[in-house]
Amino acid sequence: MLQRIQTVYLLIVAIVSGGLIFAFNLWITTNKVMVFAKDELVVLGLFLASALLAVISIFNFKNRKSQFMLGRLNQILNLILLGFFVYRILNASGEANDVSEKGVAIFFPIISIVFLILSNRAIKKDEDLVKSVDRLR
């Protein structure tokens, strides 16, 4: 299970989505208050759902098709999260929504999407390898 590269990629996604969101802020308000993911329930729920999907996908290593589909679902979830952040940033023209500075955690969905794409490529490569071996039998 851990010897496969997609497991490492999915573990990175789980760490970024489930652990680092508590260490880095999303944005800083005009009142100089740091807003973390735990302060926004929707954002926290989406990040934790992404981490949970990555962990489920790690332990679903015997069923590559299901693992691939969970990766796609996780990509869609991270795209929704990224869309929420873009909407929040673009809606803050003139700092109407109290978003003064953007934090590092806004870029976590991008990092997760990149590693999910890499893991899905590795899963697809494994599936193609198994299919080619089956043809030889």
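The exercises below work through the fold of one predicted protein chain.

The model is predicted: local features need pLDDT of at least 70 and side-chain atom pairs count only at pLDDT 80 or more, while totals for chains, interfaces and linings use all residues. Residues are numbered from 1 along each chain as its sequence is written, and side-chain values use heavy atoms, with hydrogens and water left out.

**Exercise 1.** State how many helices and strands the protein chain has, and give their order.

Solution. Helices (H or I, at least four residues) and strands (E, at least two) are DSSP runs, numbered from the N terminus. The protein chain has four helices and three strands. Read from the N terminus, the order is α-β-β-α-α-β-α.

**Exercise 2.** Describe the sheet and identify its edge strands.

Solution. Two strands pair if DSSP finds at least two bridges between them. The three strands form an open sheet, ordered β2-β1-β3, with antiparallel pairing. β2 (34-35) and β3 (101-102) each have a single partner strand and stand at the edges, so one side of each lacks a neighbour in the sheet. β1 (residues 27-28) pairs with β3 over two bridges in the antiparallel sense. Ile 28 has Glu 101 in β3 as its bridge partner.

**Exercise 3.** Compare the span of helix α1 with the expected value, and list its buried residues.

Solution. The expected span is 1.5 Å times one less than the number of residues. α1 (residues 5-18) has 14 residues and reaches 20 Å from first to last C-alpha, close to the 20 Å expected. Buried means under 20% relative accessible area (1.4 Å probe, protein chains only). In α1 the buried residues are Gln 6, Thr 7, Tyr 9, Leu 10, Val 13, Ala 14, Val 16 and Ser 17.

**Exercise 4.** Determine how α2 and α3 are oriented to each other.

Solution. Axes are lines fitted to C-alpha atoms over the stretch in contact, and angles run from 0 to 180 degrees between N-to-C directions. α2 (residues 41-59) and α3 (residues 64-90) pack at about 165°, with axes 9 Å apart. Angles over 145 degrees count as roughly antiparallel; α2 and α3 are therefore roughly antiparallel to each other. Contact means heavy atoms within 4.5 Å. Residues of α2 that meet α3 include Leu 46, Phe 47 and Leu 53, and those on the α3 side include Leu 70, Leu 77 and Phe 84.

**Exercise 5.** Is Asn 25 buried or exposed, and which residues does Asn 25 touch?

Solution. Asn 25 lies in the loop between α1 and β1. Asn 25 has a relative accessible area of 13% and is buried. Not counting residues up to four places away in sequence, Asn 25 touches Met 34, Val 35, Phe 36, Gly 103, Val 104 and Ala 105.

Terms used. Buried means under 20% relative accessible area, exposed over 50%, partly exposed in between (1.4 Å probe, protein chains only). Angles under 35 degrees count as roughly parallel, over 145 as roughly antiparallel, 65 to 115 as roughly perpendicular and the rest as oblique.
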